[in-house]
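Subject: Structure handover

Hello,

Here is the structure I promised to pass on. Please have it open while you read; my notes follow below.

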Amino acid sequence: MTELTLKQGSNRLALNQDTHISTLPDTTHNLVLDITGTITATLKVSLAEGSTLDMFCFNTADALTMNENYTLEKDSVLNLSYGDLTIGDTTRTVQVDLSGKGSKVQLNSATLISKTTDLRYQFSHKAQYTQGDMKNFAVMVKDGNLSLYAIGHIEKTGANSETHQSTRVLNLEGSKKAAVYPHLIIDNNEVQASHAESTGQMDDDHLYYLQSRGLSEAQAIRLMVKGYLSSVTDSISDETLKALILEKIDQKVEEIC
């Protein structure tokens with residue numbers, strides 16, 4: 001397993017093997033993780049006390065199987081974003097352990113699904129005053145097959161914690177295999193928790209409006225898909241990184257849709 005301690009500031013890494021990433025106390029980092037080729041790997045990320053990590057995982061792999069574990073110590077903050085923009089099969093298991101008092105995680109995912117995609121995202125609130133918020137956006141194109149588990153678990157030791165989640169799936173014509181399983185497991189009464197899930201088709205009124213402005217139907221659909229997936233950048237403060245991600249989303253939507 002590759003061991004890496006992040007430097008202060010911006011970092012970029014091509015993931016091609018088992019990797020353990022860690023931060024130093026009271027530091028702030030940006031990390032872009034590039035995933036290409038055919039990958040089967042384990043990723044461990046350890047956030048030291050008081051550290052902040054803004055992390056974006058950009059998946060254009062031919063096939064991906066990833067097991068990820070994140071451990072957050074006291075007052076650490078993880079802003080975790082996924083751009084799964086691939087024409088290959090994807091299996092991703094994500095476990096976030098909020099082990100330190102006051103730790104926080106924000107997870108945003110944008111997934112363009114044209115093959116089999118199995119996703120499992122879980123927050124485990126082990127300490128008091130922890131916060132977790134998960135927002136998932138998925139677009140199903142023809143032949144796409146999605147299974148997504150979104151899990152928030154507040155343990156007995158997690159008093160005064162919050163866990164929230166929402167998942168939105170947009171089905172394009174010819175794609176019908178989307179299964180979303182939201183779960184809240186609450187073992188302490190002094191908490192706040194919520195979940196929401198929606199699955200729907202392209203809005204005909206929106207399509208009509210865009211076409212009335214001179215766009216073809218295909219152009220209108222691509223524009224709406226780009227806007228839908230761009231929500232993955234909401235928690236990214238680095239404007240250069242945000243612009244890069246939006247550019248990549250534009251490219252992949254043009255290729256796949």
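Start with the surface. The accessible surface of the protein comes to about 11700 Å², and carbon and sulfur atoms account for 46% of that. Accessible areas come from the Shrake-Rupley method with a 1.4 Å probe, and for residues only the protein chains shown count as cover.

Some ground rules. This is a predicted model, in which local features need pLDDT of at least 70, side-chain atom pairs count only at pLDDT 80 or more, and totals for chains, interfaces and linings use all residues. Residues are numbered from 1 along each chain as its sequence is written, and side-chain values use heavy atoms, with hydrogens and water left out.

Overall build

The protein has 3 helices and 16 strands. Both are DSSP runs numbered from the N terminus: helices are H or I with at least four residues, strands are E with at least two. The C-alpha atoms fill a box of roughly 55 × 40 × 30 Å, taken along the principal axes. The radius of gyration is 18 Å, which agrees with the value near 18 Å for a compact globule of 257 residues. That radius is taken over C-alpha atoms, and the globule rule is 2.2 Å times the number of residues to the power 0.38.

Of the 257 residues, 49% count as buried. Buried means under 20% relative accessible area, exposed means over 50%, and partly exposed is in between (1.4 Å probe, protein chains only). Now the contacts, meaning heavy atoms within 4.5 Å. Take those between residues at least 6 apart in sequence: 75% of them join residues at least 24 apart.

Cavities

A search of the whole structure finds 2 cavities of 30 Å³ or more. A cavity here is a set of points, on a 1 Å grid over the protein atoms alone, where a 1.4 Å probe fits but cannot get out; lining residues have an atom within 4 Å of a point. Grid points are joined across faces, edges and corners, and a volume is the space filled by probe spheres set on the points.

The largest cavity has a volume of about 50 Å³. Which residues line the largest cavity? They are Arg-12, Val-32, Asp-34, Phe-56, Phe-58, Leu-244, Ile-245 and Lys-248. Strand 4 (28–35), strand 6 (52–59) and helix 3 (239–256) are the elements that give two or more residues to this lining. Helix 3 gives the most, with 3 residues. By class, the lining has 5 nonpolar, no polar and 3 charged residues. Nonpolar covers Ala, Val, Leu, Ile, Met, Phe, Trp, Tyr, Cys and Pro; charged covers Asp, Glu, Lys and Arg; the others, Gly among them, are polar.

Buried residues to look at

Helix 3 also holds Val-253. Val-253 is buried, at 0% relative accessibility. Leu-85 is 168 residues from Val-253 in sequence, yet the two are 8.2 Å apart in space, C-alpha to C-alpha. Not counting residues up to four places away in sequence, Val-253 touches Leu-112, Arg-222, Val-225, Lys-226 and Leu-229.

Phe-123 lies in strand 11. Phe-123 is buried at 1% relative accessibility. Leaving out residues up to four places away in sequence, its contacts include Val-96, Leu-107, Met-134 and Ile-151.

Loops

Is Ser-76 buried or exposed? Ser-76 is buried, with a relative accessible area of 0%. Ser-76 sits in the loop between strand 7 (63–72) and strand 8 (77–85). Residues up to four places away in sequence aside, Ser-76 touches Leu-47, Gly-50 and Gly-102, among others.

Gly-100 is in the loop between strand 9 (89–98) and strand 10 (104–113). Gly-100 is buried as well, at 5% relative accessibility. Its C-alpha atom is 7.7 Å from that of Gln-128, 28 residues away along the chain.

Asp-26 lies between strand 3 (19–22) and strand 4, and is exposed, at 63% relative accessible area. Tyr-129 lies between strand 11 (116–125) and strand 12 (131–140), and is partly exposed, at 43% relative accessibility.

Best wishes

Technical notes
1 Å grid on protein atoms, 1.4 Å probe; cavity = no way out; pocket = protein on both sides within 12 Å on 5 of 7 lines; lining within 4 Å.
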